Amino acid sequence: MRKSHPVRRAVLAGAATVSGIVLLLSLKPASDPGAASAAGGAPPAAAQSPQGGRGAGSGTVTGDAAATQYGPVQVRLTVSGGKITGAEAVRAPKGGQSDRVTADAVPKLNRAAVAAGTADIDAVSGATYTSAGYVKSLQSALDKVAAASAGQDSGEGAGQGVGGGSEQGAGDGGAGQGTQVLTGDVARTQYGAVQVRVTVSGGKITGAETLQAPRGGQSDRVTADAVPKLNRAAVAAGTADIDAVSGATYTSAGYVKSLQSALDRAGG
């Protein structure tokens, strides 16, 4: 009897152990659903909102193609809430040396347009023609965004003459048959407004005058020097593809913009 008693204890202990293991295994699956539900990925994915719709005054607009000596330049803007949020040149000079110039200049011009929020941006060194074309196309895109504002600006200061004016002296009443006197939009610059009026006869610019230009302090000297040169350049070129006057970058850029808008009224 004494020898068989320990054996029964061992058998009973083993049975109890097996029963405990079975019980634990039967309980484990019941805890898995709770763990799976806590780690579910669907709610975080739903929290990531998709791209929202744009508000009023937003979208993309493409400016007119501006012809340059090395090829056309055309700018497309992304506008949100009335502000430039993106700019890209959809057309730019290419081929030969132009490829290198375009690759260097266009990204700088795009960044400058977004940073300035206007077309008052500096030309990129070594890319004068591309920069001028970019500014023209950029301005035309902005004009499309704010056509009403541009139309209002075009009438400002029409009678205010500036020194170094008309090369031909043609007034509005002196234009003969086949001759047009066209006033460009006011172009805002860092130092003041610039506005150009041209006389076009037989499809050619025969006269140019500056109705508004920066004035006061140092601007008086810059304007007196630059404006006559710009007027002569406009008549000589017959287009708005004219070089900036050294020392008058902003005035020159404003002049080109206003000149181009005047020529646009005559169909280029």
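Student: Which residue in β6 is the bridge partner of Ala187?
Tutor: Ala187 has Val194 as its bridge partner in β6. Please keep in mind that this is a predicted model.

Student: How do β5 and β6 pair, and over how many bridges?
Tutor: Strand β5, residues 187-189, pairs with β6 in the antiparallel sense, over three bridges. The two strands form a hairpin, with two residues between them.

Student: What about β4 and β6, in which sense do they pair?
Tutor: The sense is antiparallel, and five bridges join β6 to strand β4, which covers residues 179-183. As an example, Thr179 has Ser201 as its bridge partner in β6.

Student: And how many bridges link β6 and β7?
Tutor: There are seven bridges between β6 and β7 (residues 204-212), and the pairing is antiparallel. Within it, Val196 stands opposite Thr210 of β7. These strands also form a hairpin with two residues between them, and Gly202 in the turn has a positive phi of about 60°.

Student: Is β6 mostly covered or mostly open?
Tutor: Strand β6, which runs over residues 192-201, is mostly covered: eight of its ten residues are buried.

Student: Changing topic: how many aromatic pairs are there in the whole structure?
Tutor: A search of the whole structure gives two aromatic pairs. In one of them, the ring centres of Tyr70 and Tyr129 are 5.6 Å apart and the planes stand at 75°, so this pair is edge-to-face. The pair links distant parts of the chain, since Tyr70 is in the loop between β1 (59-62) and β2 (74-80) while Tyr129 is in helix α4, 59 residues apart.

Student: Why does 75° make that pair edge-to-face?
Tutor: The cut-off for edge-to-face is an angle over 60 degrees between the planes, and the planes of Tyr70 and Tyr129 are at 75°.

Student: What are the relative accessible areas of those two, starting with Tyr70?
Tutor: Tyr70 has a relative accessible area of 48% and is partly exposed. Tyr129 is partly exposed too, at 25%.

Student: Which rings form the other pair?
Tutor: Tyr191 and Tyr250 do; their ring centres are 5.5 Å apart and their planes are at 75°, so the pair is edge-to-face. Tyr191 is in the loop between β5 and β6, and Tyr250 is in helix α7 (residues 249-265), so the pair ties together parts 59 residues apart in sequence. Tyr191 is partly exposed at a relative accessible area of 48%, and Tyr250 counts as partly exposed at 24%.

Student: I also marked Gly126. Where does it lie?
Tutor: Gly126 lies in the loop between α3 (97-116) and α4 (128-145). Its relative accessibility is 65%, and Gly126 therefore counts as exposed. The C-alpha atoms of Gly126 and Val101 are 7.4 Å apart in space, although the residues are 25 apart in sequence.

Student: Finally, the overall picture. How many helices and strands are there?
Tutor: The protein has seven helices and seven strands. Their order from the N terminus is α-α-β-β-β-α-α-α-β-β-β-β-α-α.

Student: What share of the residues is buried?
Tutor: Of the 268 residues in the protein, 35% are buried. The protein exposes about 14,900 Å², and carbon and sulfur atoms supply 54% of that area.

Student: And what share of the contacts joins residues at least 24 apart?
Tutor: Among contacts between residues at least 6 apart in sequence, 53% join residues at least 24 apart.

Definitions and conventions:
Residues numbered from 1 in each chain as written. Predicted model: local features only at pLDDT ≥ 70, side-chain atom pairs only at ≥ 80, totals over all residues. Heavy atoms only, no water. Helix = DSSP H or I, 4+ residues; strand = E, 2+ residues; numbered from the N terminus. Buried < 20%, exposed > 50% of the residue type's maximum accessible area, 1.4 Å probe, protein only. Pairing = 2+ DSSP bridges. Phe/Tyr/Trp six-rings, centres within 6.5 Å; stacked < 30°, edge-to-face > 60°. Contact = heavy atoms within 4.5 Å. Areas by Shrake-Rupley, 256 points an atom, 1.4 Å probe, with all protein chains shown as cover.
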